[in-house]
Amino acid sequence: MGYSETFVWLEGENIYPAFLDRKDQWKGHVSPGFTLDIVRQLAAYTAEMAEEDGYNDDQIKVIDGGQEPVVLHIRWALVTDDVTAAVNVVKPDTRGLYWIGAYEWCWEEVDGPLFHTQNRTFESWQRVLAESARWVGEIIRTQMPDATAALLSLDGLGCIVAVESASGPGWPTWDDRDGDDGYGPFDTETLGKADEVLRKALDHGRDRANLEIGGWRPARDIGQPRLHRIAFPPVGSEERGGSPVERAREEFTQARHKLLTESVPYVVADVRAACPDAGGIVVNPHATRPDQFVKFLVEDTKGASSTQVPADAAERVHDRLDMLLALHPTGDDLTACGWIKSPEPHLDGAYVLVFPAE
């Protein structure tokens, strides 16, 4: 059996590297095999979904501690009927691949040059997360040398609410050691500098599952799943300063621009399939209603006149734009890639994309 190395996703979300035998399909869906590292990412995602959806969907769980990790496939919907049918062990094949969801889940192969750009953009954002966590650790250790991790609240702008220590109670201690100001060993400038590093990373995405894949994990072990733990490098690791964070941000900006530019032909094709006369679109990322999120320009490509398209015809366009805007490109990103700020006063924050002539 010949396997091809590719990428798959479920319902247009959460892309994973996988191995496929393209002849092995079920009702048009592929049957992927994953390495253990990717299984851990899938486990993080399904744990998040189980917690949010009330444990109704399937969950993958990796249990460590023995000679080899144990991978479980839990079908929560079957637990009340037959517990023995609700859980099974997923064993690796001779190549170390785990075949998860084959013949059950609607896995689809992702192909085309745009996908690879999307994947590189996401990977560059993951580097921003990793380098930001490392730099925060170096900042925190200037005043708590044995700090091992920080707990981050995503509420509001996002901020550090606690620091874990290798040899003591960390911060806060909730006693006199925190001092009158409550900051314990820290001054506000140090915490403020660390918070700013984290906020810049969060500016481009706060999806909890993606953050977990990027190493910012919910603190479930202490009963605080709404907080995220960012682990610092081992104490004594070589300090690298803030330059790697800046380089990661620059690479991420370049990747976002490439994604925005390469997406235009795909956006045009999806829009014109839904509205053949469209000469452009207005996108308002801040809209609270789907029918306000995107408008299709027909008569006036400056954005003053537009037409509504039935929701079912516009669904693919919505999906395409949701994916394109998932990492929150800035206004500067959009204008650098050909988008124009909407002139309509009631669409503050919206942008216009005029399509190239056919």
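Reader: Which residues does Thr-117 touch, not counting residues up to four places away in sequence?

Author: Thr-117 touches Lys-258, Leu-259 and Glu-262 once those sequence neighbours are set aside. Please keep in mind that this is a predicted model. Thr-117 itself belongs to helix α3.

Reader: Is Thr-117 to be read as buried or exposed?

Author: The reading rests on a cut-off: a residue under 20% relative accessible area counts as buried. Thr-117 has 2% relative accessibility and therefore counts as buried.

Reader: How many residues separate Thr-117 and Ala-231 in sequence, and what is their C-alpha to C-alpha distance in space?

Author: The two are 114 residues apart in sequence, and their C-alpha atoms are 28 Å apart in space.

Reader: At what angle do helices α3 and α6 pack, and how far apart are their axes?

Author: Helix α3 covers residues 113-140 and helix α6 covers residues 243-274; they pack at an angle of about 160°, and their axes are 9 Å apart. The cut-off for this step is that angles over 145 degrees count as roughly antiparallel. The two helices, α3 and α6, are therefore roughly antiparallel to each other. As for handedness, the crossing in which α3 passes α6 is left-handed. The contact of α3 with α6 comprises, by class, 12 nonpolar, six polar and nine charged residues.

Reader: At what angle do the axes of α3 and α4 cross?

Author: They cross at roughly 175° and come within 9 Å. On the α3 side the contact includes Trp-125, Val-128, Leu-129 and Trp-135, and on the α4 side it includes Leu-191, Lys-193, Val-197 and Leu-198. By class, the contact of α3 with α4 has 12 nonpolar residues, two polar and one charged.

Reader: Which residues does Arg-134 touch, not counting residues up to four places away in sequence?

Author: Arg-134 is placed in helix α3. With sequence neighbours excluded, Arg-134 touches Pro-233, Arg-240, Gly-241, Pro-244 and Val-245. At 7% relative accessibility, Arg-134 counts as buried, because it falls below the cut-off already given.

Reader: How many bridges join β11 to β12, and which residue is the bridge partner of Ala-149?

Author: Strand β11 (residues 147-153) is joined to β12 by six bridges, and the two run antiparallel. The bridge partner of Ala-149 is Glu-164 in β12.

Reader: In what order do the strands of the three-stranded open sheet come?

Author: The order is β6-β7-β8, with antiparallel pairing. The edge strands β6 (58-63) and β8 (87-90) each pair on one side only. On average, and with direction ignored, neighbouring strands of this sheet are turned by 25° against each other.

Reader: How is β7 joined to β6 and to β8?

Author: Six bridges join β6 to β7, and four join β7 (residues 70-75) to β8. His-73 in β7 illustrates how a strand may be read on both sides: Ile-60 stands opposite His-73, and His-73 stands opposite Asn-88 in β8. A further pair with β8 is Leu-72 with Val-89.

Reader: Why is β7 described as largely enclosed by the rest of the structure?

Author: Five of the six residues of β7 are buried, so the strand is largely enclosed by the rest of the structure. Helix α1 (residues 36-53) lies across β6 and β7, at about 130° to β6.

Reader: What lies between β6 and β7 in their hairpin?

Author: Six residues lie between the two strands, and Gly-65 in the turn has a positive phi of about 130°.

Key. Residues are numbered from 1 along each chain as its sequence is written. This is a predicted model: local features need pLDDT of at least 70, side-chain atom pairs count only at pLDDT 80 or more; totals for chains, interfaces and linings use all residues. Side-chain values use heavy atoms; hydrogens and water are left out. Axes are lines fitted to C-alpha atoms, for helices over the stretch in contact, and angles run from 0 to 180 degrees between N-to-C directions. Angles under 35 degrees count as roughly parallel, over 145 as roughly antiparallel, 65 to 115 as roughly perpendicular and the rest as oblique. A crossing is left-handed if the near helix is turned anticlockwise from the far one by less than a right angle, and right-handed if clockwise. Ala, Val, Leu, Ile, Met, Phe, Trp, Tyr, Cys and Pro count as nonpolar, Asp, Glu, Lys and Arg as charged, and the others, Gly among them, as polar. Two strands pair if DSSP finds at least two bridges between them. Buried means under 20% relative accessible area, exposed over 50%, partly exposed in between (1.4 Å probe, protein chains only). Contact means heavy atoms within 4.5 Å.
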